[in-house]
Amino acid sequence: MANHSLALRHQFDDVEQQKDASTFGMWIFLATEVLFFGGMFCCYTVYRSRYPMAFGNASNHLDLILGAVSTAILIFSSFTMACGVNSAATGAKNALVGFLSLTILFAAAFLVIEMSEWHMLYKEGLMPGFNFTYKEFDPGHVQLFFCMYFAMTGLHASHVTIGIGILAVMAIRAWRGAFGPEYFTPIEISGLYWHFVDLVWIFLFPLYYLIARHLQG
Amino acid sequence: MITATVETRDNYLTHEYGVKSWLLTKDHKRIALLYLASISFFFFLGGIFATIIRLELLTPPGDLVSAQTYNKLFSLHGIIMVFLFLIPSIPATLGNFFVPMMIGAKDLAFPKINLLSWYIYMAGGACVLYAMLEGGVDTGWTFYVPFSTSYANTYVILTGVGIFIAGFSSILTGLNFIVTIHRMRAPGLTWFRLPLFIWSMYATSLIQVLGTPVVAVTILLVAVERGFHLGIFDPALGGDPVLFQHLFWFYSHPAVYIMVLPGMGIISEVVSVYSRKKVFGYRFVAFSSVAIAVLGFLVWGHHMFVASQSVYASLVFSFLSFFVAVPSAIKVFNWTATLYKGSISYDTPMLYAFGFIGLFTIGGLTGTFLATLGFDVHVTDTYFVVAHFHYIMVGGTLMAYLGGMHYWWPKMTGRMYPEGWAKLSALVVFLGFNLTFFPQFILGYLGMPRRYWAYPEEFQVYHVLSTAGASVLAVGYLIPAAYFIWSLRYGKIAPDNPWNAPGLEWQTSSPPPPENFEITPVVTSEAYDYSILEEMKVG
Amino acid sequence: MAEHIVTKKQYSYVFATLLLLTFITTTVGMMDLGRLNVVVALVIAVIKALLVVLFFMHIYWSSKLNKLTVVAGVAWLALLLWLTLTDVLSRGWLPFPGK
């Protein structure tokens, strides 16, 4: 049985099956990531339900505008990623490389903003483990808020970083002509990963920056 | 006994030679053997810890090792046996080898990820080993906070990182199996024609994929709290140690089903073949596997009845825990019904299956005792619990694993194991096991706490019995290790289908060719169709 | 199954909606609506998530199996949260210490 595409692996019968399997595999992986982050969302939920005032207080120390801008940037990056998938599917190689590069750029911008936020919190004495000096209302529970904040945004940032690496590899491969309308599965599944990273932030933003602001002690 | 002649047919073992052909293989069968070597190593390592524990417990005072050393011993025994042996054991060895073959596929969906899985497992194992050599951990395999985060002076982070890494191996294996079973079945092989081993592996994979990430992030949080002082579980900040337990047991309860479901899958195969009958109530057994996987996620709080979990939550978890026993019981009834009026042969795999059915039943029943709140309050954290889970893990899973190894050994290696020695070992294992662990039920009921290295005089007789049993059990495990290795060179050459079993894996050579099948099989019969074999009458 | 290609124009509608929702949720976040803050923020987050999953991630056009995988992941997280909260929220309901 002759393979018409060099990309067909021997364990699959045809390209269709291979693509289905790859996409399905990535979705399963993303389901595991939902539970991976989910453990921390569980911690957040428990502590928020217990210490709403402290969480409200703590939340006001986060910069709402920076948070909103970060959210917009990530959404922008999801848009460029989706356009990249479209370019791959239509065989527009240069556009694909362009969109992947834009996505990486937005991702980097997100990280820069994130790091500057972290830096500000450090300077204000709100970084547990390194510089935590807050002593006003309910310091223990406020510290708990920031423990969760750094743990979750840290894990998210590591996923963004890994995503940048993956997209960079994809961009290089695309530049070398590895993808076309008949085979662009790696672009598609990288896109799925990237959108997931955006999804996590879509929930992190309201939970940390928005919903507790007005509960104050 | 003449040494066997060299295999002339090309098979997956002779196809390529050299270390690189093994370490860079993408063949699921070779990867299965790589795993077999690694998990066997960890099994014997965990066994060494068990040996020292049982030696210490021969006498009431703590006189063999110090208290902290004893804590490290049972911690490492648990960590190695659970995370580095039991969880990967059947899925990564027999599952890796036979899932593609039983569905008529050439390999798993993602062979490179399969190999990566093994390397990740080795990396995790290496971390744990390194931590062990540096002094180990004394937190118990359960890593309860705040001891593990704030007070332990041992290598918690390193061990945690090792387990975290090994967890990803488990996730990737599960992911691979799910995609493979969904997407790569041979033509004609519908879901309800699948062997029940595949149903079990599928259910196991669901748990691996949905549960492991939660324990991964939990251990990560413990490491982060210890390393960066982000006090997420720190009571001084308002953190909740019981929250840690929720997150930990959300995985670790379903984990026990990761450990037992594959064993049940093996038993379904073995009981059928050695009674020459299809499994009674096939659909019930298939659905029970999935039911166990799902229900297993609803009961984790039964590990926390005395942990200051609320009474209402305890009631809910207790109630749900009774439910999860039902599908397991259905399986036991159906295996028994399969045996009824079957044409039974007492080959070694069948002996292990008998052992499993009896011992798993005892383990499972005592599980329902423990689910009963009133009873649990008395025996929690005693040897009753220790006996309960060893009946299931060792009397259940490990027996099934040995049964499966004997059943499929001819297929994997092209050699027969020596039947006389094998039957003897099965008997020794059974007797040794019961002598080791039955006294522990009594000990627990009488009040001996677990994880204690010294105890009152009146418990000594039971501990002596238990240690005696453990030495018999150890012999029972060493003998198969020896003859399996022996058989690789001196065992009788195995025919393609020594048990005259149905199932696609038996329709190809022993050992199989690299691509598993010369031509992709087309399936037209139901699972366990012995009538076809009667017609074919192939030896 | 023919490959469904989503156009950049379709993506841009989704994108614009997402930005709009972000703007709304941020603005609402700056106002004090009491309990409604939580509801509005989470509802908007879920809508945004649905838009990303359905259209950017193509689940709308994907197989039932992929859809089921998404549902399973979310359902399992919901399970973790629900049963944990069953404990956390019912502590102290009885007049004994530690219960």
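**Figure 1. The two domains of chain C in the predicted model.** The C-alpha centres of domain 1 and domain 2 of chain C are separated by 25 Å in this predicted model. Domain 1 of chain C covers residues 1-62, and domain 2 of chain C covers residues 63-99.

**Figure 2. The contact between chain C and chain B.** Chain C and chain B contribute 14 residues each to this contact. On the side of chain C that touches chain B, 7 residues are nonpolar, 4 are polar and 3 are charged.

Figure 3. Chain A contains 6 helices and 2 strands, arranged along the sequence in the pattern α-α-α-α-β-β-α-α. The C-alpha trace of chain A extends over about 70 × 30 × 25 Å along its principal axes. In the contact with chain C, 37 residues come from chain A and 40 residues from chain C. Three helices of chain A, namely α1 (15-50), α3 (64-89) and α6 (185-210), each provide at least two residues of the side that touches chain C. The most is given by α1(A), with 13 residues. By class, this side of chain A comprises 25 nonpolar, 10 polar and 2 charged residues.

Figure 4. A:Asp138 lies in the loop between β2 (131-132) and α5 (139-175) of chain A. The phi of A:Asp138 is near 50 degrees, a positive value in a residue other than glycine.

**Figure 5. Packing of α7 against α9 in chain B.** Helix α7 (residues 196-228) and helix α9 (residues 282-295) of chain B have axes 9 Å apart and pack at an angle of about 15 degrees. Because this angle is under 35 degrees, α7(B) is roughly parallel to α9(B). The crossing of the two helices is right-handed. From α7(B), the contact involves B:Leu196, B:Trp199, B:Ser200, B:Ala203, B:Leu206 and B:Ile207. From α9(B), the partners are B:Val285, B:Ala286, B:Ser289, B:Val290, B:Ile292 and B:Ala293. The contact of α7(B) with α9(B) has 10 nonpolar and 2 polar residues, and no charged residues.

**Figure 6. Crossing of α8 and α11 in chain B.** The axes of helix α8 (residues 241-273) and helix α11 (residues 348-371) of chain B come within 10 Å and cross at roughly 130 degrees. The two helices are therefore oblique to each other, and their crossing is left-handed. On α8(B), the contact is made by B:Gly263, B:Ile267, B:Val270 and B:Val271. On α11(B), B:Pro349, B:Met350, B:Ala353, B:Phe356 and B:Ile357 take part. By class, the contact of α8(B) with α11(B) includes 8 nonpolar residues, 1 polar residue and no charged residues.

**Figure 7. Helix α14 of chain B and the glycine after it.** Helix α14 of chain B holds 28 residues (residues 419-446), which should span 40 Å at 1.5 Å a residue. The end C-alpha atoms of α14(B) are 41 Å apart, in agreement with this expectation. Just after α14(B), B:Gly447 adopts a positive phi of about 115 degrees.

**Figure 8. Cis peptide bonds in loops of chain B.** The peptide bond from B:Val145 to B:Pro146 is cis, with omega near 0 degrees. B:Pro146 belongs to the loop between α4 (111-134) and α5 (147-151) of chain B. The bond from B:Ser510 to B:Pro511 is cis, with omega near -10 degrees. B:Pro511 is located in the loop between α15 (460-490) and α16 (530-536) of chain B.

Terms used
Residues are numbered from 1 along each chain as its sequence is written. Chains are lettered from A and ligands numbered from 1 in the order in which they are written. This is a predicted model: local features need pLDDT of at least 70, side-chain atom pairs count only at pLDDT 80 or more; totals for chains, interfaces and linings use all residues. Two residues are in contact if their C-beta atoms, placed from the backbone, lie within 7 Å. Ala, Val, Leu, Ile, Met, Phe, Trp, Tyr, Cys and Pro count as nonpolar, Asp, Glu, Lys and Arg as charged, and the others, Gly among them, as polar. Helices (H or I, at least four residues) and strands (E, at least two) are DSSP runs, numbered from the N terminus. The expected span of a helix is 1.5 Å times one less than its number of residues. Domain bounds come from an automatic or database domain assignment. Axes are lines fitted to C-alpha atoms, for helices over the stretch in contact, and angles run from 0 to 180 degrees between N-to-C directions. Angles under 35 degrees count as roughly parallel, over 145 as roughly antiparallel, 65 to 115 as roughly perpendicular and the rest as oblique. A crossing is left-handed if the near helix is turned anticlockwise from the far one by less than a right angle, and right-handed if clockwise.
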